[in-house]
Amino acid sequence: MTAHAPDMATLSAYLDGELGISERRQLDAHLATCRPCALQLAALQALAADFAKLPQENLGFDLAGVIEGRLAVAPRPRGKPRTARWWGLLPVSLGAAASIALGVGMGSALFGGAAVTPRVTAMSVFDTLPPGGLCLGAESCYGKGARK
Amino acid sequence: MTTRTDDAEDERLAAQAQTGDRQAFTLLVRRYQERVFRFILRMSGARDEAMDLTQETFMKAYQALPAWRPEARFGTWLFQIARNVTLDLLRRRRTVEFIPLDTGLPDGAALDPQDAAPLPEEQLADKQRIQLLERALCELPVEQREILLLRELENMSYADIAAMLNIEAGTVKSRLARARVAVLAHYRHHAGEK
Ligand SMILES: [Zn+2]
């Protein structure tokens, strides 16, 4: 066999079990004899294993209970006609309100003061620190130059 | 990873919620809250914002529920909302670089396997690899970050990812491979750092 560059897209799809049967069999046979491809596959497998080892972040409270409280005071959704609703006024729904930060008050505004647990209140406090445990202090995280 | 039984239960609850059964919707929230939160957190990198956006995702899902159809897997539909809500945030932060990653490139092209050349095992300890992975996720273009999360953490099939991102399955394949190569290149690049 002539030297060749491993086809990363095919190896990656092989890893995901997304190849057709014949393509898969062909690659099985190839991997048995081609060291470069086998090494690349091993690298992809190791990466998948790393993903499985990422720390599992948790909400830390039962959001469903909070949502239940909010739904109790929210109008029941209907398919048609579409009328303006109070949450339609939120910046997020408008999408384009680039200048308005979501964080502070989003939770409290939505709750209208009702059914707010202390934990929920804490949620709307903006944290200017890097996300806990997620980032290793790289300033460029989540967009280079975003804060420059 | 969802099973067929999970899907059937989702469908049952969503159909019930469509009739106005708030408790059914609450159960759906409980089934998905941690996964949606983790996805948004990994996408946005900010815990407080991720909490807010997770709530927002479910409120939007509730409002959009009349439009949901059983043909669309509920989980995929929900993650689509979570993604949109998160992209809105990233746009407001003006940090999203929408680069047409896949245009003009055939499947598998422009992937330099050298970038992903395996490292000797001992060069990177487990802990270091995880840290590098987290950092790589931060720095990847959002298109690559999201597709990696959907595949590696959510275990979504290419078909589901394609439906969710509204792209071809072939694009899923090439974009995912490119994202993986990018992370491996990141490992490689930082292998010498301690
Ligand atoms: Zn080969």
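What share of the 148 residues of chain A count as buried? The answer is 39%, where buried means under 20% relative accessible area, exposed means over 50%, and partly exposed is in between, using a 1.4 Å probe and protein chains only.

Okay, before I go on, a bit of housekeeping. This is a predicted model, so local features need pLDDT of at least 70 and side-chain atom pairs count only at pLDDT 80 or more, while totals for chains, interfaces and linings use all residues. Residues are numbered from 1 along each chain as its sequence is written, chains are lettered from A and ligands numbered from 1 in the order in which they are written, and side-chain values use heavy atoms, with hydrogens and water left out.

Let's take the two chains in turn. Chain A has 7 helices and 0 strands. Read from the N terminus, chain A goes α-α-α-α-α-α-α. Its accessible surface is about 8,500 Å², and carbon and sulfur atoms supply 58% of that; the areas come from the Shrake-Rupley method with a 1.4 Å probe, and for residues only the protein chains shown count as cover.

Now chain B. Here we get 8 helices and 0 strands, and of its 194 residues, 59% count as buried. Chain B exposes about 8,000 Å², with 49% of it belonging to carbon and sulfur atoms.

How about contacts along the sequence? A contact is heavy atoms within 4.5 Å. If you take contacts between residues at least 6 apart in sequence, 43% of them in chain A join residues at least 24 apart. For chain B that figure is 70%.

Next up, the metal. Which residues coordinate the zinc ion? They are His4(A) and His30(A), each through NE2, plus Cys34(A) and Cys37(A), each through SG, at 2.0 to 2.3 Å. To count as a donor, an N, O or S atom has to be within 2.8 Å of the metal (3.2 Å for Na, K and Ca), and water is not among the atoms, so sites may look incomplete. The angles among the 4 donor atoms run from 102 to 121°, and the site is tetrahedral, a label that needs four donors with all angles between 85 and 135 degrees. Along the chain, the donors follow the spacing H-x25-H-x3-C-x2-C. Two of those residues are worth a look for burial: His30(A) counts as buried because its relative accessible area is 15%, and Cys37(A) is buried too, at 2%.

Stay in that part of chain A and find Leu31(A), in helix H2, residues 21-33. Why does Leu31(A) count as buried? Because its relative accessibility is 13%. Leaving aside neighbours within four places in sequence, Leu31(A) is in contact with Leu11(A), Tyr14(A), Cys37(A), Ala38(A) and Leu41(A).

Now a spot where the chains touch. Ala64(A) sits in helix H4, residues 63-73, of chain A. Beyond its neighbours within four places in sequence, Ala64(A) contacts Thr26(B), Val29(B), Arg30(B) and Gln33(B). At 0% relative accessibility, Ala64(A) counts as buried.

Over in chain B, let's look at rings. Tyr32(B), Trp68(B), Phe74(B) and Trp77(B) are linked into a cluster by ring pairs. Rings of Phe, Tyr and Trp (its six-membered ring) pair if their centres lie within 6.5 Å; planes under 30 degrees apart are stacked, over 60 edge-to-face, and the rest tilted. Trp68(B) and Phe74(B) are edge-to-face, 6.1 Å centre to centre with 80° between the planes. Trp68(B) is buried at 1% relative accessibility, and Phe74(B) is buried at 3%.

Last stop, two loops. Most residues other than glycine have a negative phi. Asn155(B), though, has a positive phi of about 60°. Asn155(B) lies between helix H6 (142-153) and helix H7 (158-165), and is partly exposed at 33%. Asn166(B) also has a positive phi of about 60°; this one is in the loop between H7 and helix H8 (169-190), and counts as exposed because its relative accessibility is 69%.

Key:
Helices (H or I, at least four residues) and strands (E, at least two) are DSSP runs, numbered from the N terminus. Four donors count as tetrahedral if all angles lie between 85 and 135 degrees; four count as square planar and six as octahedral if opposite donors are over 155 degrees apart and all others between 65 and 115; anything else is irregular.
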